[in-house]
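Subject: Structure handover

Hello,

Here is the structure for you to take over. Please open it first, then read the notes below it.

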Amino acid sequence: MLRKARCEGYAVGGFYAWNLELVQSVVNAAEGECSPAVLLINQTGLNYAGLEYYAAFAKKAAEKATVPIVLHLDHAQNLELVTQCIRCGFSSVMFDGSAFPLETNIELTRKVVEAAHGVGVSVEAELGRVPRAGNGLPVEVSEASMTDPDEARRFVDTTGIDALAVSVGTVHGLYKRYARLDFNRLKRIGDLTDVPLVLHGGTGIPDDAVHKAVELGVCKINVGEALRRAYLNGLKGALGNNSGKNDVMDVLASARLEAENVVRGKMRLFRSAGKAD
Ligand code: 13P
């Protein structure tokens, strides 16, 4: 899916889908926009939903969709979770060893690649560290936490990963504030590696930076915060005193639609709309 995106000059959105309604938001948007999509969930989300329940409905949604949908584990920090998810039908996993020193990250990532590739599952891994926005935290990302291009080449060559998540200035959890991307760094990483590149922190990437990043080899962009806000706003609006809604399904359907509209907008921005052929 990502190699096709790279050839054709667009990025596939990875969208956080914490529950049934959000899975439906992403699949409905993908079908409506004729776009491929990646459903993202992490350990915290799986703790909430229960891995087997979650995998059952997300896998079914992906199978029934009329466009390509991938079920992807985001930011796994141990091999045990990776293997549990693979057993439950995830077709793609991200191992995040970015908190470890380079050699440990390589060693752990290689183990994940070995386990995943043995059963035809693809692996994304992170080098450098994409920080998380917190109250009062500056949007500026330190050089030290960004991906070093030469290390990226070695990391990709020695681990055998299928996609590389890079730290080039994006920040997880930004909203109505924008990250400043280091395009020179991104270009060097793209020149030195031959795997699809992934950006995390997709909510806070300005529109023009998205297009430039795609030109430089970015094929997947993860979005969480924008969906979280849309879904919660949908719920709040539907539960407001004057909404007249007092049926559980009406309330959840409103939130689902708000999130779907955000996903559709991102698919157009990433230029994946119309690419599900
Ligand atoms: P945002 O929540 O900032 O959009 O980032 C999501 C993400 O990168 C998940 O891996």
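Predicted model: local features only at pLDDT ≥ 70, side-chain atom pairs only at ≥ 80, totals over all residues.

Start with β2, which covers residues 37-41. Strand β2 is mostly covered, with five of its five residues buried. Side chains in a regular strand alternate between the two faces of the sheet. In β2, A37, L39 and I41 point one way. V38 and L40 point the other way. Residues on both sides are buried.

With β1 (residues 12-16), β2 pairs in the parallel sense over three bridges. Y16 stands opposite L40 in that pairing. The chain gets from β1 to β2 through α2, and this β-α-β crossover is right-handed. β2 and β3 also run parallel, joined by five bridges. There, H72 in β3 is the bridge partner of L40.

Next, look at β8, residues 218-223. How many of the residues of β8 are buried? The count is six of six, so this strand is mostly covered, buried being under 20% relative accessible area.

β8 pairs with β1 in the parallel sense, over four bridges. β8 also pairs with β7 (residues 197-199), again in the parallel sense, over three bridges.

**The largest pocket**

The largest pocket has a volume of about 500 Å³. Its lining is made of 26 residues. Nearest its centre are Y16, N42, H75, R132 and H172.

Which elements supply at least two residues each of this lining? They are α3 (43-49), β3 (69-76), β8 and α10 (225-239). The largest share comes from α3, with three residues. By class, the lining has 13 polar, seven charged and six nonpolar residues.

**The second largest pocket**

The second largest pocket has a volume of about 270 Å³. It is lined by 15 residues, and M1, L2, S92, S122 and D162 are the closest to its centre. α1 (2-8), β3 and β5 (122-127) each give at least two residues to this lining. β5 gives the most, three residues. Here the classes are seven nonpolar, four polar and four charged.

**Y16 and W18**

A search of the whole structure finds two aromatic pairs. One of them is Y16 with W18. Two values describe such a pair: the distance of the centres and the angle of the planes. For Y16 and W18 the ring centres are 5.1 Å apart and the planes lie at 25 degrees. Planes under 30 degrees apart count as stacked, so this pair is stacked.

Is each residue of the pair buried or partly exposed? Y16 has a relative accessible area of 10%, so it is buried. W18 is at 24%, so it counts as partly exposed. W18 lies in the loop between β1 and α2. Compare its place with that of E80: the two are 62 residues apart in sequence and 21 Å apart in space, C-alpha to C-alpha.

**Two positive phi angles**

Most residues other than glycine have a negative phi. C34 has a positive phi of about 55 degrees although it is not a glycine. C34 sits in the loop between α2 (20-33) and β2. Its relative accessibility is 35%, so C34 counts as partly exposed.

K176 likewise is not a glycine, and has a positive phi of about 55 degrees. This residue is found in the loop between β6 (163-166) and α8 (183-192). K176 counts as exposed, because its relative accessibility is 70%.

Best wishes

Methods
Residues numbered from 1 in each chain as written. Heavy atoms only, no water. Buried < 20%, exposed > 50% of the residue type's maximum accessible area, 1.4 Å probe, protein only. Pairing = 2+ DSSP bridges. 1 Å grid on protein atoms, 1.4 Å probe; cavity = no way out; pocket = protein on both sides within 12 Å on 5 of 7 lines; lining within 4 Å. Points joined across faces, edges and corners; volume = space filled by probe spheres on them. Nonpolar A, V, L, I, M, F, W, Y, C, P; charged D, E, K, R; others polar. Phe/Tyr/Trp six-rings, centres within 6.5 Å; stacked < 30°, edge-to-face > 60°. Right-handed = clockwise from strand over helix to strand, strands pointing away.
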